[in-house]
Amino acid sequence: MHTGLKISAFAVGLAATFGSAYAVGGTLDPAVAAKDASQQDGHGAKDHPAAEKEAAETSAGESPGLPGGLQVSEGGYALDLRTPRVEAGEPAELRFAVVDEGTSRNVTAFRTDHGKELHLIVASSDLTTYRHLHPVRAADGTWSTPVELPEAGGYRVFADFTPDVRNAEGLTLGADLAVSGDASPEPLPREERTVTVDGYEVTLDGALRPGAGSELELEVEKDGRPVTDLQPYLGEYGHLVALRAGDLAYLHVHPNGEPGDGRTKPGPEVSFTATAPSKGAYRLFLDFRHEGKVRTAAFTVHAGESAPQKSVPEEGESAGHGH
Ligand SMILES: [Cu+2]
């Protein structure tokens, strides 16, 4: 994960040491936590020997705080999206490669993070369509995945990965994707604390704050009853991605605690710590797994602002703001 995001997802060992998510969030020096999280988030502690992490921490050349996903090229790597256009509502294949700009060759060695070498997120610019995909890599470094996007419009593709080189950092590269057809972009969905997906009610508690870690807790219910048997998905009880409205800056947040650590329960709550890179509106996408199926609950949140009041439109201002 990108250093600049200061995502305070905590390493397994670290979280276990401090006992609870609350304790971790409350007692760690934020600077230390942020620095540590930047090393941990992209790759679980289980994936890397401590020595490697030490080396990474002292490495120079850290990015100057730009959120992930905004650039097609960063840190010497470029995302080459070979299929920059697909048709709305049609099965398609996305193909791409991560190119080492020094050698102009496709990268073929990646570190595994949450069971995968690369996580691909596809989101529409209006943040109403979201996909979390796991493409397959051919030996030559070309990645591909089937995808079907229902709505036409502008999309962004995010490749979240860590090249398997010394002192490597997690990177999220982003590239634009056009989906042809009749586009009718939607306004950002309004802020709701509870959303329903496939009969599951998911409630968000907590606020996203700019420049400071804060806890977000998501509670999953089904038929009015708390779900207490969430299943691990890629090693966690939930995966949360936040995209900033306006430019789709990307934050990948992992839960506080993980399955099998002796204190993290399989629901109904999944807790995360995240730091927004700025004030403004974000769309949060929570992937969770239950009864063998992964579902995504999406929330609009505003960082650094109180939730917009549900007021009656003022005189002379229609709700639709027509022109
Ligand atoms: Cu993934």
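Student: How are the donor residues of the copper ion spaced in sequence?

Tutor: Donors here are N, O and S atoms within 2.8 Å of the metal (3.2 Å for Na, K and Ca); water is not among the atoms, so sites may look incomplete. In this structure the spacing is H-x12-H-x1-H. The model is predicted: local features need pLDDT of at least 70, side-chain atom pairs count only at pLDDT 80 or more, and totals for chains, interfaces and linings use all residues. Residues are numbered from 1 along each chain as its sequence is written, and side-chain values use heavy atoms, with hydrogens and water left out.

Student: Which atoms coordinate the copper ion?

Tutor: His119 (ND1), His132 (NE2) and His134 (NE2) do so, at 1.7 to 2.1 Å. His119 in strand E6 and His132 in strand E7 (residues 130-133) are 13 residues apart, a pair that links distant parts of the chain. Strands (E, at least two residues) and helices (H or I, at least four) are DSSP runs, numbered from the N terminus.

Student: Is His119 buried or exposed?

Tutor: Buried means under 20% relative accessible area, exposed over 50%, and partly exposed in between (1.4 Å probe, protein chains only). His119 counts as buried because its relative accessibility is 1%. His132, at 13%, is also buried.

Student: How many bridges pair E6 with E10?

Tutor: Strands of a sheet pair through backbone hydrogen bonds, either parallel or antiparallel. By the criterion used here, two strands pair if DSSP finds at least two bridges between them. Strand E6 (residues 118-124) and E10 have seven, in the antiparallel sense, and Ala123 stands opposite Arg156 in E10. E10 (residues 153-161) is mostly covered, with seven of its nine residues buried.

Student: In what order do the strands of the open sheet lie?

Tutor: The order of its four strands is E17-E16-E19-E20, with antiparallel pairing. Strand E17 (250-253) and strand E20 (293-303) each have a single partner strand, so one side of each is left without a neighbour in the sheet. Strand E16 (residues 239-244) joins E17 through four bridges, and Ala242 has Leu251 in E17 as its bridge partner.

Student: What does Arg95 contact?

Tutor: Contact means heavy atoms within 4.5 Å. Leaving aside neighbours within four places in sequence, Arg95 is in contact with residues including Asp80, Arg82 and Trp143. Arg95 belongs to strand E4 (residues 92-100) and is partly exposed, at 33% relative accessibility.
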